[in-house]
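Here is a short report for a reader new to this structure. Look through the sequence and the model, then read on.

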Amino acid sequence: MSYNENPFASSHSLDTNPFEDPAPSQADAARLDSIRQREADLERRQRELDQREQQLKHHGKNNWPFFFPLIYHDISVEIPEASRPLITRLYQLWLVLLGTLILNLIACIFILIAGSSDGGRDVGAAIGYVFIISITSFLLWYRPIYNGYMKEQALYYYFYFFFCGFHLLFSVYMIIGVPSTGSAGLIQTIQMFASHHWVAAILGLVATVGWSLQGLGNAYYYRQIYAHHTAAGHTMEKAKTELASHGAKAYFTRG
């Protein structure tokens, strides 16, 4: 033995520092990724809550309509993410309906100016439609399906199917455009073109296109919502139970 050799030296030196943290295993790495993902989700939810709190501070509890807030309406906050595109399209169709009602009234005014014998009754009925149809359509079919997707309760869907069904029939009625009914639809538009009253004819044509767009759009989504309603297992018995539990008043509130 050489006296210069270190008696405590090992021929098997350690490759790593024994005091360092061991390298994470694959399971540990997956757990860390899961924790990071949960933290990111919590941060995102916190941001959404902060954003909603700021909206409530700015607008108050109610934010719709913007010029005189009566209800709270926020698709991005209240509707589940998967259903937001559908509800957004329905809201856009309701806005098309509102615009069409106004255009229809203007067209009826020009039909009266053109000398139509039924022009006075058309204008009177068209004024009534602007106020009655705009309000009832929002309350009786748009708001119920909005709440239906927000709360996923059966009775909302039956409200929607019943009243939107009537709205689809009303849309067909307005597309036809029988004189004295308050509609500047096809019949009235053709008469205006035939008598060369171009402004009334063009306005009537635009109103007819508006009635057709919102009617066809609502018919398309009516079928889509019915398929969702069936897949979700909503029944009339379930709707009756909900009505007995919550009362009719609950179906016009956010609670």
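## The largest pocket

Helix α4 gives the largest share of the lining of the largest pocket, five residues. Helices here are DSSP runs (H or I, at least four residues), strands are E runs of at least two, and both are numbered from the N terminus. The volume of this pocket is about 430 Å³. Its lining has 17 residues, and Trp64, Pro65, Leu70, Trp94 and Phe138 are the closest to the centre. The elements that give two or more residues to the lining are α3 and α4.

A pocket, on a 1 Å grid over the protein atoms alone, is an open set of points where a 1.4 Å probe fits, with protein on both sides within 12 Å along at least five of seven lines; lining residues have an atom within 4 Å of a point. Points are joined across faces, edges and corners, and the volume is the space filled by probe spheres set on them.

## About the model

The model is predicted: local features need pLDDT of at least 70, side-chain atom pairs count only at pLDDT 80 or more, and totals for chains, interfaces and linings use all residues. Residues are numbered from 1 along each chain as its sequence is written, and side-chain values use heavy atoms, with hydrogens and water left out.

## The nonpolar core

The largest nonpolar core has 41 residues, and Ile87, Leu90, Tyr142 and Ile225 touch the most other members. Helices α3 (84–113), α4 (119–151), α5 (154–176) and α7 (198–231) each supply at least two of its residues. Such a core is a set of buried Ala, Val, Leu, Ile, Met, Phe, Trp, Tyr and Cys residues joined through side-chain atoms within 4.5 Å. Buried means under 20% relative accessible area, exposed over 50%, and partly exposed in between (1.4 Å probe, protein chains only).

What does Leu90 contact, leaving aside its neighbours within four places in sequence? Leu90 is in contact (heavy atoms within 4.5 Å) with Tyr142, Ile145, Asn218, Tyr221 and Ile225.

## Aromatic pairs

The structure holds 21 aromatic pairs. Phe161 and Tyr226 are edge-to-face, because their ring centres are 5.5 Å apart and their planes stand at 65°. Phe161 lies in α5 and Tyr226 in α7, so this pair ties together parts that are 65 residues apart in sequence. Phe161 is buried, at 10% relative accessibility. Tyr226 is partly exposed, at 48%.

Phe162 and Phe166 also form an edge-to-face pair, 5.1 Å centre to centre with 70° between the planes. Both lie in α5, four residues apart, about one turn of the helix. Ring pairs also link Trp64, Tyr91, Trp94, Phe138, Tyr142 and Tyr146 into a cluster. Rings of Phe, Tyr and Trp (its six-membered ring) pair if their centres lie within 6.5 Å; planes under 30 degrees apart count as stacked, over 60 as edge-to-face and the rest as tilted.

## Annotated spans

An unreviewed UniProt entry annotates residues 93–117, 123–142, 154–176 and 196–213 as "transmembrane region". UniProt positions follow the numbering used here, feature names are shortened, and annotations may be inferred rather than shown by experiment. Residues 93–117 are 84% helix and 0% strand, with end C-alpha atoms 33 Å apart. Residues 196–213 are 89% helix and 0% strand, with end C-alpha atoms 26 Å apart.

## Backbone details in loops

The peptide bond from Trp64 to Pro65 is cis, with omega near -10°. Pro65 is in the loop between α1 (26–59) and α2 (75–78).

Ser180 is not a glycine, yet its phi is positive, about 75°. Ser180 sits in the loop between α5 and α6 (186–194). His196, in the loop between α6 and α7, has a positive phi near 65°. His196 is exposed, with a relative accessible area of 52%.
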